[in-house]
Structures are given as structure tokens and as C-alpha cells.
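Subject: Structure handover

Dear colleague,

Please find the structure below. My notes on it follow.

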Amino acid sequence: MFNLPQLPYAYNALEPYIDAATMEIHHTKHHQAYINNLNNAIKGKPEENMSLEEIMKNVSKQPPVVRNNSGGTYNHNLFWNIMKPNGGGEPTGKLADAIKSAFGSFADFKVKFSDAGATRFGSGWAWLCVSGGKLAVCSTPNQDNPLMDVSECKGLPILGLDVWEHAYYLKYQNRRPEYITNFWNIINWEEVAKMFDSAR
Ligand code: MN
């Protein structure tokens, strides 16, 4: 049985980049619904005793309800943690070096990641993941992610951006690129670096 995690900050903490109403609905309605739907779908089955990672590793053998909602649960767990008030700037240390070696510069990485989010047609996510010891940027549709065996891009996600309309529509309406630009002000690079370290 999976539970809704507490946000590590208040609903209004990411203002003005993400508004409090969007955060509250996103967390208490959308994320909670993915968790409830997943719990209902795996009730009385072996998956009840598995981690999200274990479920997603073989998600091709699962019905769509498990694929969509295990992804929805995992993706939002990650998303809340890689943001913080007064975030942004640039990463330091080994993560900064790895970004430089994979993408040329932080600015080039920023363009590549932003494009991944902006060009994802319909709903989905942009990712920075660790794959074969290297960093890669990609995007996935719906609630898929790079941990799923069905995903075209594979790896361990350390940064993810939700580009579903529910993540930005109240404040930005159709202006997804503006939401993506503002996301760079609230990234929690310390948390991303922590996941990068444990992935290596
Ligand atoms: Mn979402």
C-alpha cells in the first residue's frame, strides 16, 4: 500500500513560479488519485509487497492501470523533492562536471532539457537521467518514466519536469514554455546531486 508523501514545503512556497492552488490540487487530487488507483489495482496481488521500482521494471507485463498509476505515483514523489523555494542557480561539484562532459555546458543542458519538455506532444515528462554511468536527457509520454521496461529512454531519473497541463494550466494556460523557463528558478540542485551520487 502506497501513501501520499508530505510536501517538503508549503503549497505557496514555490510562488510566483508555481502558484499555491496548482500545487494543492496537483498534490491532493492528482497525485493522491494515482496512489489510490494503484493501491486498488494491486490489492491482494504480489505487487502489494513490491517497491515501485520493482513494479515498473516489468511494467510491460502489467495492465495499463498499473503502468499509468505506478508511474504517476513515482514521478510525483520525485517531482516534489527536486523543487524548493529559492532554488535554481547551477549545480556544483561532480554533478556540474558530469553535466559539462555530457552536454558541453550548463547552458546547453538547459536548452536540451527545456526542449524535451516543450516538444513533448500532449502529456508527459522531461527527464535528466543517469544511464550507463552517463547523464542523458529525454522525455516520456503520459506517466511513463525511464525506469520502465516499456520506455524508449532508460536510466535512473534524477530530475523530472511534469509537462501535463494540470501542472501549469491555472497560471500559465497554454504557455508551457514560460512554465518551463520558470522551473529553473525552483530546482533543488542539492537533492538532484544527492540522487546523482547514489546512482553512481
Ligand atoms: Mn502531475
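Helices (H or I, at least four residues) and strands (E, at least two) are DSSP runs, numbered from the N terminus. This is a predicted model, in which local features need pLDDT of at least 70 and side-chain atom pairs count only at pLDDT 80 or more, while totals for chains, interfaces and linings use all residues. Residues are numbered from 1 along each chain as its sequence is written, and side-chain values use heavy atoms, with hydrogens and water left out.

Metal site

Donors here are N, O and S atoms within 2.8 Å of the metal (3.2 Å for Na, K and Ca); water is not among the atoms, so sites may look incomplete. The manganese ion has His26 (NE2), His76 (NE2), Asp162 (OD) and His166 (NE2) as its protein donors, at 2.0 to 2.1 Å. Along the chain, the donors are spaced as H-x49-H-x85-D-x3-H. Among them, His26 in helix H1 (residues 20-42) and His76 in helix H3 (residues 64-81) are 50 residues apart, a pair that links distant parts of the chain.

For accessibility, buried means under 20% relative accessible area, exposed over 50%, and partly exposed in between (1.4 Å probe, protein chains only). His26 is buried at 1% relative accessibility, and His76 is buried at 0%.

The crossing of H1 past H3 is left-handed, a term for a near helix turned anticlockwise from the far one by less than a right angle (right-handed if clockwise). Contact means heavy atoms within 4.5 Å. Residues of H1 that meet H3 include Met23, His26, His27, His31 and Tyr34, and those on the H3 side include Val65, Asn69, His76, Phe79 and Trp80.

Cysteines

A disulfide is a pair of cysteine sulfur atoms within 2.5 Å, and the structure holds one. Cys138 and Cys153 form it, with their sulfur atoms 2.2 Å apart. Cys138 is in strand S2 (residues 134-141) and Cys153 in the loop between S2 and strand S3 (156-162); the pair is 15 residues apart and links distant parts of the chain. The torsion about their S-S bond is about 55°, so the disulfide is right-handed. Both Cys138 and Cys153 are buried.

Backbone

The peptide bond from Glu15 to Pro16 is cis, with omega near 0°, and Pro16 lies in the segment before H1. Two residues other than glycine have positive phi: Asn86, near 55°, and Gln173, near 45°. Asn86 is in the loop between H3 and helix H4 (93-103) and is exposed, at 78% relative accessibility. Gln173 is in the loop between helix H6 (169-172) and helix H7 (176-183) and is partly exposed, at 32%.

Regards
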